[in-house]
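Student: Could you take me closely through the aromatic pairs and the charged contacts around them, with the criteria behind each term?

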Amino acid sequence: MCKYLQRILDVSKDSLMDTSLYPRTLDNNPKIFADTFRLNSDELREFKDFAKRYYDEVDNAKKGIISANLLIPCGKNTPHKNGNKSELVSALFGRHITNDDLANLEKFMLKNKIKGNKSYKGFFEDLSQLKKSYQNGFYHKLNSDEIGDKDIKSILELYPKVIQNISNHNQIFEFKTPLDQNNLNTNINYLSQLGEIIYDEKKSWFFKNLQMSYTRKFNSLWLKNGYLYPFAI
């Protein structure tokens, strides 16, 4: 039942029939959530504590920080990646993104340039190569006060334009705003993951494929009564 709990926690708000059951805003409607799933006060408190830990770790994973407390890389390739690109992008942005949304974005990026002759594919390939080159030191380099690498400088110069163009094309692709230093790591990681999903046919690691372990308490908690129906998953 681990996968069902993860689906509940990862559910997009747009897919819910009742948005008051959106787990990320549980504090806004705790009574409705508890009544729907028949949770007593202790169970609700335990779920809220677990959800906070889970979302904190997922948010860090989006920034490229893997703490491996609740989530660990599964080490397996995503099957038929081309067939589930929209599902992967939906998980990345936390909202329902259709195949048409993604296909139209790909067409937009193919037909347009970022600046001068710089293509979107070229930008994403440069970003991917830099992450491979610097590995664990990439984000430290990105936030360094003195940046000597011209390729890093180019990424920092172009990424706001890439984000603005993608968001202007379709607002469903929502990045973290403002586009400042506080949101730099998150937005760069969003772009990195998006580029890997769209362009990199060999690399298929994605935080959506993280394997979750959790206590038997939550196993029994979500098994009882089987109240999964409010979630369109």
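Tutor: The structure holds nine aromatic pairs, where rings of Phe, Tyr and Trp (its six-membered ring) pair if their centres lie within 6.5 Å, and planes under 30 degrees apart count as stacked, over 60 as edge-to-face and the rest as tilted. One of them joins F93 and F173 in an edge-to-face arrangement, with 5.8 Å centre to centre and 80° between the planes. Because F93 belongs to helix α4 (residues 85-93) while F173 sits in the loop between α8 (150-169) and α9 (184-198), this pair ties together parts that are 80 residues apart in sequence; helices here (H or I, at least four residues) are DSSP runs, numbered from the N terminus. F93 is buried, at a relative accessible area of 9%, and F173 is buried at 0%, where buried means under 20% relative accessible area, exposed over 50% and partly exposed in between (1.4 Å probe, protein chains only).

This is a predicted model, in which local features need pLDDT of at least 70 and side-chain atom pairs count only at pLDDT 80 or more, while totals for chains, interfaces and linings use all residues. Residues are numbered from 1 along each chain as its sequence is written, and side-chain values use heavy atoms, with hydrogens and water left out.

A further aromatic pair is formed by F175 and Y190, which is tilted, at 6.0 Å centre to centre and 55° between the planes. F175 lies in the loop between α8 and α9 and Y190 in helix α9, so that this contact ties together parts that are 15 residues apart in sequence. Both F175 and Y190 are buried, and F93, F173, F175 and Y190 form one aromatic cluster.

Turning to charge, side chains of opposite charge can pair when their charged atoms come close. Seven salt bridges are found in a search of the whole structure, each being a side-chain nitrogen of Lys or Arg within 4 Å of a carboxyl oxygen of Asp or Glu. Among them is the bridge between R95 and E174, whose closest N and O atoms are 2.6 Å apart. Since R95 lies in the loop between α4 and α5 (99-111) and E174 in the loop between α8 and α9, the pair ties together parts that are 79 residues apart in sequence. R95 is partly exposed at 22% relative accessibility, and E174 is partly exposed at 45%.

Technical notes
Helix = DSSP H or I, 4+ residues; strand = E, 2+ residues; numbered from the N terminus.
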